[in-house]
Amino acid sequence: MSLGGDTTTGTAPEQGATSPISAPQTQSDEPSPQVQDVLSSEIGISVMLNRLKQSIASAKEFSNFLKKRSALEDEHANSLKKICRQSQESMARSEHRGGSFATAYEEMMVIHDRMADNGLQFAMSLHQMSEDLQELAAIAEKSRKGWKQNGLSAEHRVVELETAMRKSKAKYDSLAEEYDRARTGDTTGRQGGKVFGLRSHKSGAQHEEDLLRKAQVADQDYQTKVQVAHTERKELLERTRPETVKALQDIVKECDSGLVLQMQKFASFNEKLVLSNGLSISPLKNGSEGRSLRESILSIDNDKDLNDYLASQHAKVPPKASLPQYEHNQLIDASTRALATTYTQKQSQTPSSAQPPLPQPGMFQQNARTSTFSETVANVQNQGPYGHNYGQSTSSIPILGNPSSQALHERSFSHGSAMGPGPGAASQQQYGQRGSTPQQTQPPPGSRFNGAYNSPSSRDGPPQLGALPFQSSQPQQPQQTNFSQLPSQQTASGPVSNSLQQHPVVPPQAHRNSPPIAPQMAPSRPVFGVSLTRLYERDGLAVPMVVYQCIQAVDLFGLNVEGIYRLSGSVPAVNKLKTLFDTDSSSSNLDFRNPENFFHDVNSVAGLLKQFFRDLPDPLMTREHYSACIDAAKNEDDIVRRDSLHAIINNLPDPNYATLRALTLHLHRVIENSGANRMSSQNLAIVFGPTLMGTAPGSAIADAGWQVRVIDTILQNTFQIFDEDD
């Protein structure tokens, strides 16, 4: 057919275009006997019609594929050309690099533009192939309809003639039997030996003649129909059926050949596309296409581009500016001399007995601003126009007394001692009330240090008054009176009380708008920053009171709070609660069953609990078992990981085990209410993982994920590791 000839003139490349087409010619054209039997049988035409229908459907399907592939390739090629054009226009602007980079980038865009052109040609070829296949399928389908009508109609006509022949033969045989019975006198089937007719009665001879005549007519009709059926069947077998089968075979072969040819062209066009793109990316050495993509990119010289750019900016370099010089203002010298004269006069007017005593122990443990106010409390009324306010640091204020007292004032007071030198009868009398030697020092009755010297905590805790090593070789020095004790100590010693009466204390709140700040004192029974073992030895509680109260508050008021332990509470509230626990953890104000005691902010309680675990000197899971916990978390088997962590937890110290058990059971109750608080075991593990595990020497940031896995495994296996509370 003409379409088959047209398809052979496609734009397929010469390479491999002819050899695949000639491949089917190697097979023998002589069909096998089985094929001949099928084609010459009554089902031959039907089988060939079904086979042609399959070929047409396959051609249409491949045509649809080519059409869709052509659309995709066309869209891809056009998009590639578009982005190449946009990128070239953008790269040509001044905000982008130039030099060898710009040249290489331009060549890269040209290569991509060639690849887009190849894609457009490939898309056009596929579109033409799709149209050719559609036309081939349409012609084959039209031919199939024509041959179906001719071939099947002949088959049906022969079947009808043979059916009529069989009916005529049956009629002929029936009349012959009746004639035979009439001729032989067989009365079977007659009534009374008479033959009844429609009009009149006939005799036996007449009846025989009628039956003979009818039998002869039926015989003649039967002979005629046999002859016609024989002729038609012979025509069907010798001419109509073979012609129809042969025509259908030709159509099938043509449709299949056209389909295979288009597939061969598709393969060739794909090879051509890949080859063209390859030559665009890496052209032949002797060709005129220019450099390859790799060579273009390797030609970029970053150092040269940078130097060229900097050299191009040389014309914009401003003239060099001179170095800045210090110019002293002479007015400052006069002001400084006047200030020094005023201060010297005030020093000479101040009696030695009125110098303020040094502060008591614990006055400077947390904030140096209290030291500044205490040193100058007796001279507030005598400050002149250049006197300091209470926001200044101690380094900017002159310190009264001899040089030794100034040097001792700069010593750190983080160990709880604030002793300093300074002779005087009043100070000796005041110090004599606490003992003659540092080793025998006893606090007076009612003092805030009462009972702290003989308790076990005083021997292991922070050093108290007279316990510092550097005091054993120094003379005993007076201590400054705390502001809270001024009314009761006005008669303790004459000089000191007179000084305080002559110079009444002016509280710093009179000069500020901020809320009053209580004198900062060292905690008598600290809770935060103290190891669990130390707390257990001191308080006798397996679970620290702060942990118990926080768990109690969250159980009562925080299980349904969304984001509990994830959301941060109020920092001032957390700090205030922390100070209260460090001062007196057994106070009734720290009963968290009353929400007023934690300011109705359960998130602050959660933050306080996390702060306690963060401040532990040794984490709850201990540094000793850190590596073992991380190794256990790396087990992929859930049972092995759980059992490994269970063994590690059993080896924890008793206070750590009891505290971890109480916390885990509490967090399990939080997880049971995760529908309201949105805190699953994974979320809680993320919050408490670093808090409970801490960090070990040499640990990496990657351990954070394993820390979370440790806590998550413990929370998911709470009742396998711990017993539930009674």
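Biologist: In which helix is the place of T664?

Modeller: This is a predicted model, in which local features need pLDDT of at least 70, side-chain atom pairs count only at pLDDT 80 or more, and totals for chains, interfaces and linings use all residues. Residues are numbered from 1 along each chain as its sequence is written, and side-chain values use heavy atoms, with hydrogens and water left out. Helices (H or I, at least four residues) and strands (E, at least two) are DSSP runs numbered from the N terminus. The run of residues 654-672 holds T664, and its name is helix α21.

Biologist: Does T664 count as buried or exposed?

Modeller: Relative accessible area decides this: buried means under 20%, exposed over 50%, and partly exposed in between (1.4 Å probe, protein chains only). T664 has a relative accessibility of 2%, and therefore it counts as buried.

Biologist: Which residues are in contact with T664, leaving aside its neighbours within four places in sequence?

Modeller: Contact means heavy atoms within 4.5 Å. With those neighbours left aside, the residues in contact with T664 are I714, L715, T718 and F722.

Biologist: At what angle do helices α23 and α24 pack, and what is α23 to α24 as a result?

Modeller: Axes are lines fitted to C-alpha atoms, for helices over the stretch in contact, and angles run from 0 to 180 degrees between N-to-C directions. Helix α23 (residues 681-693) and helix α24 (residues 703-716) have axes 7 Å apart and pack at an angle of about 120°. Because of this angle, α23 is oblique to α24. Angles under 35 degrees count as roughly parallel, over 145 as roughly antiparallel, 65 to 115 as roughly perpendicular, and the rest as oblique.

Biologist: Which residues of α24 meet α23?

Modeller: On the α23 side, the residues include L684, I686, F688 and L692. On the α24 side, they are Q707, V708, V710, I711, D712, L715 and Q716.

Biologist: How many salt bridges does a search of the whole structure find?

Modeller: Side chains of opposite charge can pair when their charged atoms come close. A salt bridge is a side-chain nitrogen of Lys or Arg within 4 Å of a carboxyl oxygen of Asp or Glu. Over the whole structure, the number found is 27.

Biologist: With which residue does K81 form a salt bridge?

Modeller: The closest N and O atoms of this pair are 3.0 Å apart. The link joins distant parts of the chain, from helix α4 (residues 44-91) to helix α5 (residues 100-184), 36 residues apart. K81 counts as partly exposed at 23% relative accessibility. Its partner, partly exposed at 31% relative accessibility, is D117.

Biologist: In which helix do K246 and D250 both lie?

Modeller: Their side chains meet in a salt bridge of 3.1 Å, N to O. K246 is partly exposed at 46% relative accessibility, and D250 is partly exposed at 36%. The two are four residues apart, about one turn of the helix, and they lie in helix α6 (residues 204-281).

Biologist: How many helices and strands does the chain have?

Modeller: Buried residues make up 37% of the 726 residues in the chain. Its secondary structure comes to 25 helices and zero strands.
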